[in-house]
Amino acid sequence: MRIGVILGSVRQGRKGEGVARWVLESASTREATYELIDLAEHELPHLAEPMPPMMGKYIDERTKAWAHLIDGYDAFIIVTAEYNHGIPGVLKNALDHLYAEWGGKPIGFVGYGVVGGARAIDQLRVLAGVLGMADVQPDVQLQLWSPAFDDTGVAAEGPHVAALASVFDAVEDWTRLLRPNTVAAEQN
């Protein structure tokens, strides 16, 4: 089972790098394979494809490469900042570029910000539904000025650690339910 951890901010000095690193380190002992998808490494243009993404007729080579990458994952966890009570524009753009490649896949959320990214996560849940994804109920909300953050990034102890384990469990369980053929093929 291959799970993409999407880092949804590209700002210089972003806290998301430390958060994504914490997610990946925490996942290192799990059976599923967790891999970073850093939006800073994918230069997607503003959505300008001539056909709606649900048609799957991509023209731009960057969109085709993005579609191929996303199609190769069984599930996702999005690490998102909250900007102005919403999700980062680059993350919305990356989600909007595709349709079928997202469908039928579980998705979990790790938010960070002044109120833990709660409003960004709420918006992402709506988008996930429109894209045909199965968003899992547990999430992680990290408040920037809480004990969840220390000098090195995310603290090694606290309730956020158990919350992340719940997100992993839910995403992996839903992947087994929604993508049983993929999971079975990996076990053989």
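This is a predicted model: local features need pLDDT of at least 70, side-chain atom pairs count only at pLDDT 80 or more; totals for chains, interfaces and linings use all residues.
**Entry 1**

The classes I used are buried for under 20% relative accessible area, exposed for over 50%, and partly exposed in between, with a 1.4 Å probe and protein chains only. Residues are numbered from 1 along each chain as its sequence is written, and side-chain values use heavy atoms, with hydrogens and water left out.

I then found that R30 forms a salt bridge with D169, the closest N and O atoms being 2.5 Å apart. A salt bridge here is a side-chain nitrogen of Lys or Arg within 4 Å of a carboxyl oxygen of Asp or Glu. R30 lies in the loop between α1 (16–27) and β2, and D169 in helix α5 (residues 159–178), so the pair links parts of the chain 139 residues apart. Helices (H or I, at least four residues) and strands (E, at least two) are DSSP runs, numbered from the N terminus. D169 is partly exposed, at 37% relative accessible area. Salt bridges that share partners join R30, D169, E172, D173 and R176 into one network.

**Entry 2: Other salt bridges**

I searched the whole structure and noted 14 salt bridges. One of them joins E35 and R2, with the closest N and O atoms 2.9 Å apart. E35 is in strand β2 and R2 in strand β1 (residues 2–7), 33 residues apart. E35 has a relative accessible area of 25% and is partly exposed; R2, at 28%, is also partly exposed.

I also recorded the salt bridge of R125 and D139, at 2.8 Å from N to O. R125 is in helix α4 (residues 118–130), and D139 is in the loop between β5 (134–135) and β6 (140–143). R125 counts as buried at 15% relative accessibility.

**Entry 3: Two glutamates in loops**

I placed E49 in the loop between β2 (33–38) and α2 (61–71). E49 is buried yet has no salt bridge, and the nearest side chain of opposite charge, R62, is 7.7 Å away. For charge, Lys and Arg count as positive and Asp and Glu as negative; His and the chain ends are not counted. A polar atom of the E49 side chain lies 3.1 Å from the backbone nitrogen of D60.

I found E82 in the loop between β3 and α3, buried at 13% relative accessibility. The side chain of E82 has a polar atom 3.2 Å from the backbone nitrogen of A118 and reaches the backbone nitrogen of A120 at 3.4 Å.

**Entry 4: Aromatic rings**

I counted four aromatic pairs. Rings of Phe, Tyr and Trp (its six-membered ring) pair if their centres lie within 6.5 Å; planes under 30 degrees apart count as stacked, over 60 as edge-to-face and the rest as tilted. The rings of F76 and W102 have centres 5.1 Å apart and planes at 65°, so this pair is edge-to-face. F76 lies in strand β3 (residues 75–81) and W102 in the loop between α3 (89–96) and β4 (106–113), so the pair ties together parts 26 residues apart in sequence. F76 is buried at 0% relative accessible area, and W102 is buried at 0% relative accessibility. Ring pairs link W66, Y73, F76 and W102 into a cluster.

Conventions: A polar contact is a pair of N or O atoms within 3.5 Å; within protein, one must be able to donate a hydrogen and the other to accept it, and residues adjacent in sequence count only if both atoms are side-chain atoms.
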